[in-house]
Amino acid sequence: MIAQLRNASPRREAVFMAVAAVILIALPWIMPYIGGYRELATRILIWGIFALGFDILVGFTGYLSFGHAAFWGIGAYCSGYYLLHANANALVAILIGVAVATAVAILLGYLTLRRHGIYFAILTLAFAEMFYYAALAPLQDWTGGDNGLTGIRTPELFGVKLDGDEMHYFVAAWTLLAIYFARRIARSPFGLMLRAIKSNETRLQSTGVNVYRYKVTAFAISGLYAGLAGTLYALYETYVPTESLHWTTSGEVVIMSVIGGFGTLIGPMIGAGIVLYLENVLSASTEQWLLIQGLIFMFFVIFLPGGVMEGLQRLADWGRKRHESATEAEARGAAPKGASAPTAPLRQRSQKG
Amino acid sequence: MALLDVGGVTKRFAGLTALDNVDLKVEAGSVHSIIGPNGAGKSTLLNVLTGSIKPDRGSVVFDGHGLVPLQPYEINQLGVARVFQSPEIFPELSLLDNVMVATFAARDGSYKLNLFEHPSRAGELRQFAEEVLVDVGLEEHLTMPAKHLSRGDKRRLELAVCLAHRPRLLLLDEPTAGMSQTETHSTVELLRKISATGMTKIIIEHDMEVVFSLSSRITVLHQGRVIADGPPAQIREDEAVQEAYLGGVHL
Amino acid sequence: MDIGSLALQLLTGLQIGAIYVLIALGLTLIFGTLGVANFAHGALFVIGGYLGWLISSTTGYWAAFILVPLILFGIGVILERGLIQFFYRRPVTDQILVTFGLALVIQEILRWIFGGSTKPFPPPTWALIPVDIGIGYYPPWRLIIVAVTIAIVVLLFLLLRYTRFGLVVRAGMHDPEMLRFLGINVTARFTLVFGFGALLAGIAGVIGGPTTAIYPEVGMAMLVPSFLVVVIGGMGSLPGAIIAGILMGEAVSLAVLLYPPISQVIVYIVAAVILLWRPRGLFGHKGVMG
Ligand SMILES: Nc1ncnc2c1ncn2[C@@H]1O[C@H](COP(=O)(O)OP(=O)(O)OP(=O)(O)O)[C@@H](O)[C@H]1O
Ligand SMILES: [Mg+2]
């Protein structure tokens with residue numbers, strides 16, 4: 001997937017972005033026809049940005065964070081606080097939220113990335129919980145404690161109130177930017193270094209690369225994306241709930257990414273769409289949406305760890321194989337059960353402790 | 001002056017002295033072999049040279065730089081590359097990308113925030129990477145993930161990754177281990193070819209045929225201690241060496 | 001504040017720490033032997049709490065105290081055989097993800113069965129009436145928690161030191177490769193270890209449930225500090241987990257006394273400070289895990 005992406009020509013890239021733009025903008029119009037509502041599209045894009053940035057860390061370097069709620073939440077709280085107490089300027093609100101979230105990400109990256117696998121997952125989870133509990137009690141004068149930040153004014157962009165469709169266009173623009181830059185990063189030498197980290201850190205160290213700094217940078221980038229998504233969420237909801245910092249938010253982005261498929265950039269965004277869409281549809285008929293979500297997640301982890309993207313890839317391979325053996329059979333007039341060219345599995349694996 | 005000067009290096013692991021006051025001088029342009037029975041401390045010595053293990057005592061000086069306090073990546077950037085005992089490559093990356101990582105590291109140093117560099121800008125590096133791959137005999141399947149390679153080919157790839165950096169000192173830990181006769185043969189040929197470029201090498205090897213055909217100097221380690229050091233002809237005659245290898249490999 | 005109330009507060013810290021210790025010991029055993037960080041361990045704790053509440057309100061507390069750990073042992077064995085064992089050879093990331101998914105599913109099943117509200121899970125009435133322990137009046141329940149924990153810890157150490165099972169577990173914690181090499185039936189021991197870890201979580205749930213309150217999310221709320229206890233103890237070190245658990249309990253308890261708003265944050269602050277000072281934890285050594 002990424003290998004293909006690296007070789008894409010500028011023209012194909014332009015076509016890709018144009019198609020993406022059309023889809024992002026059309027989404028609110030499609031939603032009502034498939035059992036959603038217009039604003040659901042905006043929500044999906046916001047979570048899509050979150051998942052996209054998350055993939056740059058987890059999908060590329062293989063470091064699974066359980067603490068990205070921290071950056072989403074800090075972004076949301078900071079921009080919410082600005083809108084609440086200062087001004088309605090959407091761009092300034094975003095700038096503040098993203099800057100603080102990224103700064104915190106750099107700091108936490110330095111602290112947590114000295115360790116691998118399990119250790120890293122636990123430490124990120126713990127630090128995020130620290131922010132959650134800090135917001136809940138000691139900082140409640142600023143964060144509104146249990147109530148979160150309520151009564152945030154509708155943000156404005158050059159005098160235009162960002163509400164409903166305007167908000168959607170605004171978010172769609174950010175999403176396009178996010179996709180564009182993520183794909184540039186994936187294709188850059190920097191992106192190659194990240195994939196090398198996932199593949200073999202020892203080799204990378206011995207190849208003269210300061211692995212730690214690359215990891216911190218990847219962490220900061222994913223924190224920036226999370227912060228951006230969090231600020232957009234605050235702007236969109238005009239409300240910052242305490243859950244923004246809670247581990248369930250970190251868990252949500254993990255679930256979306258797994259269902260969509262880590263390491264594919266577009267997969268986690270699709271995962272965000274699937275999760276939010278199903279939540280919307282199923283919540284109407286059952287109280288047990290979270291249980292269903294958990295079971296779907298387990299299904300993917302157990303049977304299809306590469307997510308929907310791996311599923312699609314397998315389907316495509318299967319189809320091609322059938323096609324190939326069919327044409328082969330035609331050509332030879334017999335039906336040999338031949339193996340076609342081995343295809344590389346989509347998902348990268350590495351054993352890291 | 002020697003390119004590499006190891007002085008009095010000692011390393012203990014929980015009671016076991018893996019390296020005991022080891023001295024080693026490697027001249028520029030030479031092929032220096034380190035031999036010794038299993039567990040003699042050969043790989044540990046390489047670990048000290050590349051910075052992945054810090055010695056308890058002693059100094060390592062490479063071209064005027066003290067290596068002991070440095071990180072592995074800093075040592076590599078100074079021009080010391082290593083082929084590991086069991087091949088360390090990037091299994092999920094394509095052959096070409098394996099080498100590209102090294103070419104980028106050679107061009108950009110240990111870290112560069114080039115987030116948006118377009119792949120088309122790396123055309124020259126790519127060409128160089130392909131050449132290096134051809135040099136080690138891997139000219140096919142350049143876009144195939146490296147994990148599908150045979151063990152021998154993985155080692156060739158690792159060698160290519162090291163060479164892409166144009167190191168001044170190349171460390172090879174048992175480059176022919178686990179290889180068939182023909183693979184061993186072509187590897188020796190390959191190493192000869194590299195030697196012709198004047199690159200300094202340290203080779204750890206159990207295959208004495210390989211050792212004596214390649215080396216300009218040999219150091220023998222036994223239980224963490226240097227028991228002999230000299231040109232191949234002298235080592236062949238050395239009694240302590242015969243003793244250490246008694247029942248082991250025949251010289 | 002007088003010495004007496006400080007001493008009582010420290011005692012409460014010991015009790016809070018005791019629950020952390022029980023959960024953390026199970027985590028450490030499982031992590032040390034199987035190499036799996038069990039994100040579902042908090043969920044096992046909650047199952048223990050709910051079962052304790054259910055059994056004690058129908059049959060009586062002591063029945064709960066005996067039955068719950070046994071049931072949890074059974075659940076642990078089933079989970080290991082039915083799910084966890086298939087992940088030993090998969091990437092660490094997948095192990096984390098599957099136990100995390102398990103935690104979510106268990107939490108939601110519990111919510112489905114018992115509802116989302118907090119269950120009152122009172123210990124036996126006599127254990128709530130404060131008694132004079134010399135430095136002041138104190139509810140015996142908390143003392144019992146500490147005593148039970150001490151007994152468990154002693155039993156655990158005897159088990160590890162003097163039984164063949166213990167030998168294998170210790171060897172496994174030291175060097176997992178070695179076990180396979182020795183041709184020991186690792187599979188059966190792994191199942192036992194997981195079951196045993198679950199049993200400890202069950203004990204924690206049944207004796208700690210009354211102090212933490214029982215609701216579906218309390219599992220995660222207890223898991224995160226317990227994980228931190230494991231980490232700052234030095235991952236894979238049992239004595240480390242005990243000392244770190246007590247330290248955390250005392251930190252929480254003193255925060256409640258001195259400045260209540262930070263009582264839930266203090267765990268993380270202490271952990272951050274310790275890890276900055278000793279990145280591998282108090283008893284951590286290189287080589288166990290990254
Ligand atoms: N990280 C370590 N911790 C503990 N002991 C170690 C470690 N690394 C090596 N050793 C021990 O040090 C001794 C020397 O090991 P080393 O790998 O250097 O030997 P070697 O000469 O490379 O052997 P071989 O020919 O088998 O590769 C061995 O006894 C080994 O068990
Ligand atoms: Mg060796």
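# A tour of the predicted model

Of the 2 pairs of chains that touch, chains A and C have the most contacts.

Before going on, note that this is a predicted model, in which local features need pLDDT of at least 70, side-chain atom pairs count only at pLDDT 80 or more, and totals for chains, interfaces and linings use all residues. Residues are numbered from 1 along each chain as its sequence is written, chains are lettered from A and ligands numbered from 1 in the order in which they are written, and side-chain values use heavy atoms, with hydrogens and water left out.

**Chain B, the metal site.** Select ligand 2, a magnesium ion, which is coordinated by B:S43 through OG and B:Q85 through OE1 at 1.9 to 2.2 Å. Donors are N, O and S atoms within 2.8 Å of the metal (3.2 Å for Na, K and Ca); water is not among the atoms, so sites may look incomplete. B:S43 belongs to helix 1 (residues 42-50) of chain B and B:Q85 to the loop between strand 6 (80-83) and helix 3 (95-108), so the pair ties together parts 42 residues apart in sequence. Helices (H or I, at least four residues) and strands (E, at least two) are DSSP runs, numbered from the N terminus. B:S43 is partly exposed at 22% relative accessible area, and B:Q85 is partly exposed at 34%. Buried means under 20% relative accessible area, exposed over 50%, and partly exposed in between (1.4 Å probe, protein chains only).

**Chain B, B:S30.** Next select B:S30, in the loop between strand 2 (16-26) and strand 3 (31-35) of chain B. B:S30 is buried, at 12% relative accessibility. Leaving aside residues up to four places away in sequence, B:S30 touches B:M199, B:T200, B:K201 and B:S216. B:S215 is 185 residues from B:S30 in sequence, with their C-alpha atoms 7.7 Å apart.

**Chain C, a helix pair.** Select helix 5 (residues 140-162) and helix 8 (residues 186-212) of chain C, whose axes come within 10 Å and cross at roughly 170°. Axes are lines fitted to C-alpha atoms, for helices over the stretch in contact, and angles run from 0 to 180 degrees between N-to-C directions. Residues to display include C:W141 and C:I145 of helix 5 and C:F196 and C:L200 of helix 8.

Note on methods. Contact means heavy atoms within 4.5 Å.
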